Amino acid sequence: MSEVDTVDRDRPATQELHGFSRERLHELMRAMLLYRRFEEKIEEAYAIGKIGGFCHVHIGQEATAAGTILPLRREDYVISAYRAHTQAIAKGVEPRAVMAELYGKATGCSGGLGGSMHLFNKAVGFMGGHGIVGAQAALAVGIAFGIKYRDEDSVVVCFLGDAAVNQGAFHEAMNMAAIWNLPVIYAVENNGYGMGTEFTRVSTTEMARKSASHGVPATVVNGQDVLETYRTFDELVERTRTGGGPQFVDVRTYRFRGHSMSDPVSGTYRSKQEVERKVDCEDPITLFRDQLFEADLMSQDELEALDAEVMVEVDAVEAFAESSPEPEESAIYDFVYSQQNEHGRLFMDGHDRGQANG
């Protein structure tokens, strides 16, 4: 059942909120519900050992994924850090291929070889999660240079955590993007903490001023408001696509969980009271729900129907991951420089076996 099926046919089809149609508003709500329920399922699976390794959930930041990525076209690119499950789904990677990757299964979007931090799908323009802090900033420059070199009508959105802006690679990349006027948007998911360190302890420069020395325009957006985020990125993407050059966005958000699955919700670096206050007052799904209820653009029954639909989908995603096969043992040698030819040169041992969802 699609979002359209939940619409009350007795209401005017032209009802809007801030320029968004009723249908589009329901699509945005469904997307955020999917991101939330998907990652709650990840938490359950991780807790009982079905998922292992490093794992960073995006709970609390769903509006940033929906608002920044859904304005993009399929031919646009997204590159991110390691908190990328929902971003991959938003860009078009099949949820079952993401979950299977977390399970380390052959049907995963990286063939079960990447895990949580290394989701990838070139077919939909999702150019990976990356485990090295700030590394994706330089890679985004390469993607953007390729777009310009080939005279393509695309942009790249590069997600960074707030701690990444103090890395040298970030400033080197920003400088190159500026002098070459590249079509790249740097979106900092500013949740206030780099792992367990508050941003104000490691920088005397406000986030919104980090791009000033490179002449790159900066924008501040409330990342808990999906409509504000969407409208902002819709405008910035068009500006960048039409030759406006690189952009820098301070997306102010908050994670409701710890830095990773091994980190307590509050830990020693933020109080339990702070987290509870943020959850109560700044949950992006609750804020959006209240907007829709107040505008009479969604009812409680419609919301519950959407949530139930999403839960059925997530259960099916989990079942797919559970039933999927493990990678062949020989896959460990794929994509690895491991042998030499007769001239003593290294060559790639293995071949592209094809992956779920392209």
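Colleague: Which ring does Arg 270 lie over?

Modeller: Arg 270 sits over the face of Tyr 193, 5.8 Å from the ring centre. Bear in mind that this is a predicted model.

Colleague: And what lies over the face of Phe 320?

Modeller: That is Arg 96, at 4.5 Å from the ring centre.

Colleague: On to ring pairs. How many aromatic pairs does the structure hold?

Modeller: There are seven aromatic pairs. In one of them, Phe 20 and Tyr 230 have ring centres 5.1 Å apart and planes at 80°, so the pair counts as edge-to-face.

Colleague: Where in the chain are Phe 20 and Tyr 230?

Modeller: Phe 20 is in strand β2 (residues 20–21) and Tyr 230 is in helix α7 (residues 226–244).

Colleague: Are Phe 20 and Tyr 230 buried or exposed?

Modeller: Both Phe 20 and Tyr 230 are buried.

Colleague: Which residues form an aromatic cluster?

Modeller: Phe 145, Tyr 149 and Trp 180 form one.

Colleague: Now the largest nonpolar core. Which members touch the most others?

Modeller: Met 29, Met 99 and Phe 288, out of 68 residues in that core. Helix α1 (residues 22–47) gives the most to this core, eleven residues.

Colleague: What is Met 99 in contact with, beyond four places in sequence?

Modeller: Phe 38, Lys 41, Ile 42, Ile 51, Val 317, Glu 318 and Ala 321.

Colleague: How many residues are in the second core?

Modeller: That separate core has 26 residues, among them Met 127, Ala 140, Met 174 and Met 207.

Methods: Residues are numbered from 1 along each chain as its sequence is written. This is a predicted model: local features need pLDDT of at least 70, side-chain atom pairs count only at pLDDT 80 or more; totals for chains, interfaces and linings use all residues. Side-chain values use heavy atoms; hydrogens and water are left out. Rings of Phe, Tyr and Trp (its six-membered ring) pair if their centres lie within 6.5 Å; planes under 30 degrees apart count as stacked, over 60 as edge-to-face and the rest as tilted. Helices (H or I, at least four residues) and strands (E, at least two) are DSSP runs, numbered from the N terminus. Buried means under 20% relative accessible area, exposed over 50%, partly exposed in between (1.4 Å probe, protein chains only). A charge sits over a ring if NZ of Lys or CZ of Arg is within 6 Å of the ring centre and within 35 degrees of the ring normal. A nonpolar core is a set of buried Ala, Val, Leu, Ile, Met, Phe, Trp, Tyr and Cys residues joined through side-chain atoms within 4.5 Å. Contact means heavy atoms within 4.5 Å.
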